[in-house]
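The points below go from the overall layout to single pairs of side chains.

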Amino acid sequence: MNLYKEIYKIIKKYDSIIIARHIGADPDALGSQFGLRELILSSFPNKKVYAVGSQASRFRFFGSNDKLDNVNFSKSLLIVLDTPDLKRIDGVNPNDFGYVIKIDHHPLVDKYANIECIKEDYSSTSQMIIELSYVNKITISKETAERLYLGVVGDTDRFLHDYTSVKTFELVTRMLKDTCINFTSLYKNLYQRPLNEVRFEGYIYQNLNLTENGVAYIKITDKIMKEYGVDSASAGNMINDLKFVNEIIVWIFFSEDIKSNLIRANIRSVGPYVNEVASKYNGGGHIFASGARLKSWEDADNLVRDYDTLVNEYKKLN
Ligand code: AMP
């Protein structure tokens, strides 16, 4: 049976459903999470459906989370979206649940679900939720379409990245035709930002380092972020803008997070696969877009060195 149909069959069986996604929620995680919550509730208004995970204030427009008061986890269904690894599931533990479904477009890391629905060649988890709706003939409301649209736009960076496919356009076009949402008016939600962030972007470009083989990187300290009035998540929103720069093959933004006592790395590549090296540094992700959490600036230097070697080898072969 088609996996989406099987998933829908399981959804029908459970009265209590919890929908989770990864920590550090982004538009795809949130778009698919709140989109799926509304889809289920529109077909089954009597079910209890909870969206969980810590709120990202920047993305509040996607919706608000539900409190898990008096929920019997062992009798509930857990659906985890956009999260390949156990350690990055936000707010719940799959082991507490009667049944678990994973819906994800990342390469497999941990098998933690009864149904592992993975489509590595899909642009986003939101694209999978649009497809799940059509396969099961669930009507998509305007509000749901808006969330799913922003999810696809967020992860593809406006249909720019690899894995944006004919299928992506077909599903999105069908949804836009069916729901008639005013999609251009939605971009403001994702892209509107204060001037200090733009100035911070200027700082990053001015201070970017470049290794011999084409690894660009910048170490953003807590002091600099305070100076510009931005937080440790800000740099991550700008990382994709360096995709088409002649000299750069792999690029990394390191941001110090004093509160969590770690250094976040956002990593991108237009050459070698970067997820394997990232996984050595408490990270992982897609082949051309990964992230890691480091303990020290020394680790950051080691990571840069590892990628420099990787790019060197890549250049010899290509
Ligand atoms: P980001 O740079 O935060 O946009 O992340 C790029 C990709 O790497 C996303 O697919 C994330 O799911 C993944 N990723 C980011 N940080 C980590 C981490 N610490 N561990 C595993 N995967 C990560």
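Which domains does the domain assignment of the protein give? It gives domain 1 (3–189) and domain 2 (195–317); such bounds come from an automatic or database domain assignment.

1. A word on the ground rules. This is a predicted model, where local features need pLDDT of at least 70 and side-chain atom pairs count only at pLDDT 80 or more, while totals for chains, interfaces and linings use all residues. Residues are numbered from 1 along each chain as its sequence is written, and side-chain values use heavy atoms, with hydrogens and water left out.

2. How the domains meet. The C-alpha centres of domain 1 and domain 2 are 28 Å apart. In contact (heavy atoms within 4.5 Å) are 11 residues of domain 1 and 13 residues of domain 2. About 980 Å² is buried between the two domains, with carbon and sulfur atoms giving 49% of that area; buried area is the accessible area (1.4 Å probe) that two parts lose on being put together, summed over both.

3. Charges across the interface. Two salt bridges are counted between domain 1 and domain 2, a salt bridge being a side-chain nitrogen of Lys or Arg within 4 Å of a carboxyl oxygen of Asp or Glu. Do look at Asp162 and Lys243, whose side chains form a salt bridge at 3.9 Å, N to O.

4. A network to look at. By the salt-bridge rule the count comes to 14. Arg37, Glu38 and Asp66 are linked in a network of such bridges. The closest N and O atoms of Glu38 and Arg37 are 3.0 Å apart, and the side chains of Arg37 and Asp66 meet at 2.8 Å, N to O. Arg37 lies in helix α2 (residues 27–43) and Asp66 in the loop between β2 (48–51) and β3 (77–81), so this pair ties together parts that are 29 residues apart in sequence. Helices (H or I, at least four residues) and strands (E, at least two) are DSSP runs, numbered from the N terminus.

5. Buried or partly exposed? Arg37 counts as buried at 10% relative accessibility, whereas Glu38 is partly exposed at 23% and Asp66 is partly exposed at 26%. Buried means under 20% relative accessible area, exposed over 50%, and partly exposed in between (1.4 Å probe, protein chains only).

6. One more pair. Glu116 and Lys102 form a salt bridge with their closest N and O atoms 2.6 Å apart. Glu116 is in strand β5 (residues 115–118) and Lys102 in strand β4 (residues 99–104), so the pair ties together parts 14 residues apart in sequence. Both Glu116 and Lys102 are buried.
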